[in-house]
Amino acid sequence: MKGNLKNLFCLSTTLTVVLMINSLTAIAQKPSPSPTPKKSDDNSAGAPVEAGDGAGNYTIISSIEFGYRGLRVDGDLNKYQSDLNYRAGPRLFDSSFLMRSTNGDGGLFDSALVTTTGWGADPSGTLRMNFEKPRWYRFDGTYRKFKYFRFLNSFANPNWVFSPSNFSVPPKPITGEHGYNTETKLGDFDLTLLPKNRLIRFTVGYSPERYNGPAFTNYHIGGNDFNYPVNLRSHANDFRFGADGTVGSIDYSFLQGFRRFRDDSFTNLGPTLGINVDPAKGQFKSFHHNEPTRGSVDFTRFSVHTLVAKRLDVTGRIVYSKAKSTSDFLESYTGTNWNPRVSGWPPGPLPSTPNTLNLGQYNITSDADRPNTQGDIGVTILATEKLRISNTFRVEDFKIHGNAVMADFFSITRPSGATTVTDTISFSNLDAHTNIKYRKYQDIVEGDYQFNARYGVHFGYRYGHRNIDESFEGFNLGSNGSVPPPTRSSSSDSFVNNTHALFGGFKARFSNNFNMYVDAEHGTADNVFTRIGNYNYTNFRAKTRYAPTKKLTFNLA
């Protein structure tokens, strides 16, 4: 799949070039028209005037703007690139190519439009395509790329000062402790069949995504902090198909989608000093880290809408999705003066340094799934020409199931009198399981009364109910193990929240140049949902606009 985006981009560019060449060839082969006598300016024949050049049954309008950017930066180049990331070199500012059928019957397509912007030395670029024969199909395609550069010495760049409990580490004057130099490529390609068919229209879509590039951050392990370069590499593919249309007085829409993604980022280091270069602290001889991740998201969406007797408007929608992911945390390293963070090990007086870490390993396999259902139905009654009453009911329900199994191994050699001793410890099949259940109901009743074209009021009530159940059973994987071996534990918690809110307001246009809008809401909750939530709140908002002349306007909010 790695070459698909390049092939797709090359195909799109080639198609554009071929269209241009064919069009220019057709123009060149077309005989020159004979001179015609001038006519009066009143254009009495009334014939439409087409812009562009003729090419058979098509009219072509095209333009291209390109150039070369020179660049000189005095000062911090990383700061400049982090803010703008423009580079020297050739660049394509903008281009457009439009072929349009002159008689409405162009064969393969009636119109074709291709536009580009930002390619070359710019940090972002876009290609857009549109081909259509309105009776049969419409194709819309977009391809985008973004380059992200972030190397700043002002972010996460501490200056640790030496003390008996600390150490002296100067800040990095150029990059700080975090940096990115990555590129993202995205595409959206949609094909609609029978776009003007009222009964049914079919859609097929594909959206690729690619992300890669180097980055670095900090990693705390073995009693020291290390600069952690990582090769970021991930990609995803979205596929979808559906249909929509109208049957009688019912409008419907259906969409089925499939997303597949993977992450293969990795780190591979040789001998590496920690941020604290004191040799008595943990240092790497080698370090390897891989965390391959695979995932999928399948979703289904269906919605309907109808208007009964021009008085009752009904809209319903349901969305179901199920996300799954699996990952392996694979890490191995060797080093010196290592602190394995295993309680009670190595045996003997701690910190058990100096030592040599012969091998340290982690192997954590995990999986998770998240089924999710969302639905809502809205009913609006047009009671009179001035009064409208509506009710909207929403429900959301999801569950998260997570499982993990950890195994680790440490082998340390250290002095023991005139010889050395090697201690090993390992843990396996340390499992952990989490479950989260979330359910939310919400109902909103609203009324809207329009006295006349200038004055109207609205009012309503909203009720919400949320319930969360959480549970855990297994081992604490953050402990790395202990001597004696760790024990299993379990816990569970439940949370319920009910909210009530009243809201309302009015809008008025006192004159053609003076209007006002006011609304307010008061709500209560029997249990806060977050730590910053409110048990009792009142919101008030007012906005007014006055324009005494066409050139002067006053706004107050």
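Phe109 and Phe131 are both buried in this predicted model. Phe109 belongs to the loop between strand E3 (89–101) and strand E4 (111–120), while Phe131 belongs to strand E5 (residues 124–133). The two residues are 22 residues apart, and their pairing links distant parts of the chain. Their rings form an aromatic pair of the edge-to-face kind, with 5.9 Å from centre to centre and 70 degrees between the planes.

A second pair has another geometry. The ring centres of Phe393 and Tyr441 lie 6.3 Å apart, and the planes meet at 25 degrees, so this pair is stacked. The reasoning rests on a cut-off: planes under 30 degrees apart count as stacked. Here too the pair links distant parts of the chain, with Phe393 in strand E16 (residues 387–416) and Tyr441 in strand E17 (residues 419–450), 48 residues apart.

Ring pairs link Tyr219, Phe226, Tyr228, Phe284, Phe287, Tyr333 and Trp338 into a cluster. In total, the model has 27 aromatic pairs.

Arg370 lies over the face of Phe398, at 4.0 Å from the ring centre.

How values were computed
Residues are numbered from 1 along each chain as its sequence is written. This is a predicted model: local features need pLDDT of at least 70, side-chain atom pairs count only at pLDDT 80 or more; totals for chains, interfaces and linings use all residues. Side-chain values use heavy atoms; hydrogens and water are left out. Rings of Phe, Tyr and Trp (its six-membered ring) pair if their centres lie within 6.5 Å; planes under 30 degrees apart count as stacked, over 60 as edge-to-face and the rest as tilted. Helices (H or I, at least four residues) and strands (E, at least two) are DSSP runs, numbered from the N terminus. Buried means under 20% relative accessible area, exposed over 50%, partly exposed in between (1.4 Å probe, protein chains only). A charge sits over a ring if NZ of Lys or CZ of Arg is within 6 Å of the ring centre and within 35 degrees of the ring normal.
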